[in-house]
Amino acid sequence: MYLITVFGNLLIILAVSSDSHLHTPMYFFLANLSFVDICFTSTTVPKMLWNIQAQSKVITYAGCLTQMYFFILFAGFDDFLLAVMAYDRFVAICHPLHYTVIMKPSYCILLVLVVWVMSVLNSLLESLTVLLLSFCTDVEISHFFCEINQVVQLACSDTFLNDMVMYFATVLLVGGPLAGILFSYSKIVSSICGISSAQGKYKAFSTCASHLSVVSLFYFTVLGVYLSSAAPQTSHSSAVASVMYTVVTPMLNPFIYSLRNRDIKRALKRIVGVPVM
């Protein structure tokens, strides 16, 4: 699954970069999403595979903090980028005549840079607050990676500041992008309903169907993790749910974006030399 995730997303990046027809805002954001999905999965899965191979579940304190920092960084970037992609679809469908003026290359790059800065600052803040905690010896994390909630719960010192920072980050970094996505799609649905022909409605909806599928998969799996972690005696089910959005979702994204996209299929055919289903 990890190899499929890496090679699948690399193919999307190569397809977008090598085909001039794909040098558009939508595919620019898609290439960034594929890159982040590779990094996101690589923060946890290689260490987990090494643990299985070596029959050892040990991780150093520095290694745990590093894994936590990059996991929060790429998860936040993924979250923000999905909101930016929803905004791109909103402009394309609701303001088609002004699309090229609004979504010019410099503006798209600026959006990605803003997403990077916000993700880095959030990850840095949450990781630094963990440094303030003290831990007892022989700490065992009931997870397959250093998930921040699990780590904070094992601290021997007061975790009030950490809890406040995590709650604030959840509201701002999860609730904010989700609100933006819902707002964008409410406007998109309203615009599609105003199209008279059925063919026009289908064409408009098909341009955002892949993104909507990825958004649903990402948020439903993340929601499943937090619902399972809130229930008692569900550390195993929480870990299983975490696999869904750390491994399964990044693996499925290339398939979701390529199976129904003729431009991606054509570019992939040129790269691999064989037709793509």
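The legends below describe close-up views of a predicted model. Local features need pLDDT of at least 70 and side-chain atom pairs count only at pLDDT 80 or more, while totals for chains, interfaces and linings use all residues. Residues are numbered from 1 along each chain as its sequence is written, and side-chain values use heavy atoms, with hydrogens and water left out.

**View 1. Packing of helix 2 on helix 4.**
Helix 2 covers residues 25-42 and helix 4 covers residues 61-94; helices are DSSP runs of H or I with at least four residues, numbered from the N terminus. The two pack at an angle of about 165°, and their axes are 10 Å apart. Axes are lines fitted to C-alpha atoms, for helices over the stretch in contact, and angles run from 0 to 180 degrees between N-to-C directions. Helix 2 and helix 4 are therefore roughly antiparallel (angles under 35 degrees count as roughly parallel, over 145 as roughly antiparallel, 65 to 115 as roughly perpendicular and the rest as oblique). Their crossing is left-handed, a term for a near helix turned anticlockwise from the far one by less than a right angle, with right-handed used if the turn is clockwise. On the helix 2 side, the contact (heavy atoms within 4.5 Å) includes Phe29, Leu33, Val36 and Phe40. On the helix 4 side, Phe74, Phe77, Leu81 and Met85 are among the residues involved. By class, this contact has 16 nonpolar, 1 polar and 4 charged residues. Ala, Val, Leu, Ile, Met, Phe, Trp, Tyr, Cys and Pro count as nonpolar, Asp, Glu, Lys and Arg as charged, and the others, Gly among them, as polar.

**View 2. Packing of helix 2 on helix 6.**
Helix 6 spans residues 105-131 and packs against helix 2 at an angle of about 25°, with the axes 10 Å apart. That makes helix 2 roughly parallel to helix 6. The crossing of this pair is right-handed. Pro25, Phe28, Phe29, Asn32 and Phe35 of helix 2 meet Cys108, Ile109, Leu111, Val112 and Trp116 of helix 6. The residues of this contact divide into 9 nonpolar, 1 polar and no charged.

**View 3. Asparagine 32 in helix 2.**
Asparagine 32 lies in helix 2 and is buried, with a relative accessible area of 16% (buried means under 20% relative accessible area, exposed over 50%, partly exposed in between, with a 1.4 Å probe and protein chains only). Leaving aside neighbours within four places in sequence, asparagine 32 is in contact with Phe77, Leu81 and Val112. Isoleucine 12 is 20 residues from asparagine 32 in sequence and 9.8 Å away in space, C-alpha to C-alpha.

The structure holds 12 aromatic pairs. Rings of Phe, Tyr and Trp (its six-membered ring) pair if their centres lie within 6.5 Å; planes under 30 degrees apart count as stacked, over 60 as edge-to-face and the rest as tilted. Phenylalanine 70 and phenylalanine 74 form a stacked pair, 6.1 Å centre to centre with 20° between the planes. These two residues are 4 residues apart in helix 4, so about one helical turn separates them. Phenylalanine 70 is partly exposed at 34% relative accessibility, whereas phenylalanine 74 is buried at 8%.

**View 4. Packing of helix 1 on helix 11.**
Helix 1 (residues 2-18) packs on helix 11 at an angle of about 100°, with the axes 9 Å apart. Helix 1 is thus roughly perpendicular to helix 11. Leu11, Ile12, Leu14, Ala15, Val16 and Ser18 in helix 1 meet Ile264, Ala267, Leu268, Ile271 and Val272 in helix 11. This contact has 10 nonpolar, 1 polar and no charged residues. Valine 272, in helix 11 (residues 262-272), is partly exposed at 39% relative accessible area.

**View 5. Tyrosine 219 in helix 9.**
Tyrosine 219 is placed in helix 9 (residues 198-230) and counts as buried at 12% relative accessibility. Beyond neighbours within four places in sequence, tyrosine 219 is in contact with Asp79, Val174, Pro177, Leu178 and Ile181.

**View 6. Glutamine 55 in a loop.**
Glutamine 55 sits in the loop between helix 3 (45-54) and helix 4. Although not a glycine, glutamine 55 has a positive phi of about 55°. Glutamine 55 counts as exposed, at 70% relative accessibility.
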